[in-house]
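Here are some exercises to work through with the structure open beside you. Try each task yourself before you read its solution.

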Amino acid sequence: MRSYRGIFLMFIFATLNCSMATAKETVNDITQLNPIAVDRVVAPTSIDEVSKLVGEHHGPISIGGGRYSQGGQTATENALFLDMRQMDHIVNLDVEKRQITVEAGITWRKIQEVIDRHDLSLKIMQSYSNFTVGGSLSVNAHGRYVGEGSLIRSVESILIVLADGTVKEASRTRNPELFFGAIGGYGGIGVIVHATLNLAENTHVERTTSTMPVSAYKDYFFENIRTSKRVVFHNADLYPPTYTQVNAVTWSITGKPVTVPEKLAPQDALSPMQQSIMRWISDGPMGKQVRQYLYDPYRFAGEQIEWRNYEASYDVIGLEPPSRQNSTFVLQEYFIPVEHFDAFVPKLAAILNGHNVNVLNVSIRHALPDTESLLSWAPKEVFSFVIYYEQGVTADDKKAVREWTSEVIDAALAEGGTYYLPYQIVATKAQFLQAYPKAPDFFALKKQVDPDYKFRNKLWDNYYGSPR
Ligand SMILES: Cc1cc2nc3c(=O)[nH]c(=O)nc-3n(C[C@H](O)[C@H](O)[C@H](O)COP(=O)(O)OP(=O)(O)OC[C@H]3O[C@@H](n4cnc5c(N)ncnc54)[C@H](O)[C@@H]3O)c2cc1C
């Protein structure tokens, strides 16, 4: 009787163990285009648990944050999948020093909810706040911040769990090879468990807009935006299908009172009216022209003054279509050295129009060089082109996307540029190596710290190893 009770208690203990483990599960991303059957999903809650799981596991391990990457970067078949989203606590906030240490599964939004109370703001992040810190560090994300660029610029240090389960601190001075490999390393070097980030002041920002031919944009940017100390956010929307006009949107620090009193953006889905507008712009008659000549002038009219944290806290739910069953909305991004901006635009337009790609928007941004991370997407100062488009979900649709994407990658490479890695994995190994010339150094580091190739996902299966 006693031994039965012992077994029962052991069973209960195992069930209540702090992590949640489930049998075979499918991991997918927001596009729903990349279902991957992993062996086991575990959501660790502490560094010790990550260290034990990784150190004791002998097969493939994949790491997932918010799962907004769009090409299988978070998983591979039969992996132990570490769902990092339970590690979402703030470890330390030093208001005086404007520095925060967080667990890597925390989202930007959750950080904003805390630092906003101290009039602080994230220094660099993406345009939406749903992403985890670990997932953002691992792609070395960027936003619309002027005078900035890759996220690495705002990172002080990280804690990382390596393949043998050891925990290492990494910064520009301690284990720098791990710091420069893991940031932008797509989970290939280890599990980032903590990050210490530098913060900025939360200020009022005022919006100004200016429409112009795309041929005038580069000079406009260099003369008015690039060196301004007051500009916080800037991007320019390049209108499809002509790709000849841009709407430049700039948010500058102001002492004027806010016109939007909320400190953080709402987390609301699109209303039925907004859904209809989005559907019309994407697929309706003259939808693109309606957006360019009616909707955007209306949307950007009038004075708009917000808190910086409001403009940085948008929720991706505000982009979500009612269904992704027959078609889905997808992103791509290309980084072009600033001096090649004018040469790239017509090439991009010709490819997109030549393949009848249903582009909803191209957002142009700017980034200063990142000469630190091994897989830097901006070894030089670049303009980036973020393409938001609609595609079908059939095998033929996917083939068509691969064709035009490969052409855009070649066009970017021909201008000395790169493409962004969190999106669909289309590039050949030769294209990848041309875009990321320090990849061999990254692979050498990976071999050294992960000799059994534990840390895997579709990106590394494509360019580093072969799928199991
Ligand atoms: C609507 C939308 C808007 C976007 N806007 C921008 C933008 O403005 N700027 C920009 O740069 N990008 C943008 N992106 C891309 C986005 O930044 C990346 O997909 C980012 O990785 C998302 O974070 P995540 O938490 O979902 O990461 P995931 O997709 O979960 O993971 C991304 C990679 O990081 C690895 N990883 C995750 N957590 C860890 C960890 N703790 N340790 C080690 N490796 C880890 C994963 O294995 C994977 O390889 C956008 C994407 C979408 C869908």
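Helices, of type H or I with at least four residues, and strands, of type E with at least two, are DSSP runs numbered from the N terminus. Keep in mind that this is a predicted model.

**Exercise 1. The shell around the ligand**

Task: Find which helices and strands each supply at least two residues of the shell around the ligand, and say how the shell residues divide into nonpolar, polar and charged.

Solution: 
- Step 1. Start with the residues themselves: 36 of them surround the ligand, and the closest are I63, G65, S69, T132 and H142.
- Step 2. Now look for the elements. β5 (61-64), α4 (133-139) and β12 (191-201) each give at least two residues to the shell.
- Step 3. The largest share, 4 residues, comes from α4.

**Exercise 2. Polar atoms at the ligand**

Task: Which ligand atoms lie 2.8 Å from Q126, 2.7 Å from T132 and 3.1 Å from Y423?

Solution: 
- Step 1. Q126 has a polar side-chain atom 2.8 Å from an oxygen atom of the ligand.
- Step 2. For T132, an N or O atom of the side chain is 2.7 Å from a ligand oxygen atom.
- Step 3. With Y423 the ligand atom is a nitrogen, 3.1 Å from an N or O atom of the side chain.

**Exercise 3. A closer look at T132**

Task: Is T132 buried or exposed, and which residues is T132 in contact with beyond its neighbours within four places in sequence?

Solution: 
- Step 1. Locate T132 in the loop between β9 (120-122) and α4.
- Step 2. The relative accessible area of T132 is 4%, so T132 counts as buried, because buried means under 20%.
- Step 3. Leaving aside neighbours within four places in sequence, T132 is in contact with G65, G66, R85, A104, G105, I106 and T107.
- Step 4. A polar side-chain atom of T132 also lies 3.0 Å from the backbone nitrogen of G135.

**Exercise 4. Two residues with positive phi**

Task: Y243 and N356 each have a positive phi. Which of these is buried and which is exposed?

Solution: 
- Step 1. Y243, not a glycine, has a phi of about 55 degrees and lies in the loop between β14 and β15.
- Step 2. Y243 is buried, with a relative accessible area of 3%.
- Step 3. N356 is not a glycine either, and its phi is about 50 degrees; its place is in the loop between α10 (341-354) and β18 (358-367).
- Step 4. N356 has a relative accessible area of 70%, so N356 is exposed, because exposed means over 50%.
- Step 5. Return to the loop between β14 (231-238) and β15 (245-254), where P241 lies. The peptide bond from P240 to P241 is cis, with omega near 0 degrees.

**Exercise 5. The whole protein**

Task: What radius of gyration would a compact globule of 468 residues have, and what does the protein have?

Solution: 
- Step 1. Count the elements: the protein has 14 helices and 20 strands.
- Step 2. A compact globule with 468 residues would have a radius of gyration near 23 Å; the protein has 22 Å, so the two agree.
- Step 3. Check burial as well: 58% of the 468 residues are buried.

Conventions. Residues numbered from 1 in each chain as written. Predicted model: local features only at pLDDT ≥ 70, side-chain atom pairs only at ≥ 80, totals over all residues. Heavy atoms only, no water. Near = heavy atom within 4 Å. Polar contact = N/O pair within 3.5 Å; in protein donor to acceptor, adjacent residues only side chain to side chain. Nonpolar A, V, L, I, M, F, W, Y, C, P; charged D, E, K, R; others polar. Rg over C-alpha atoms; globule rule 2.2 N^0.38 Å. Buried < 20%, exposed > 50% of the residue type's maximum accessible area, 1.4 Å probe, protein only. Contact = heavy atoms within 4.5 Å.
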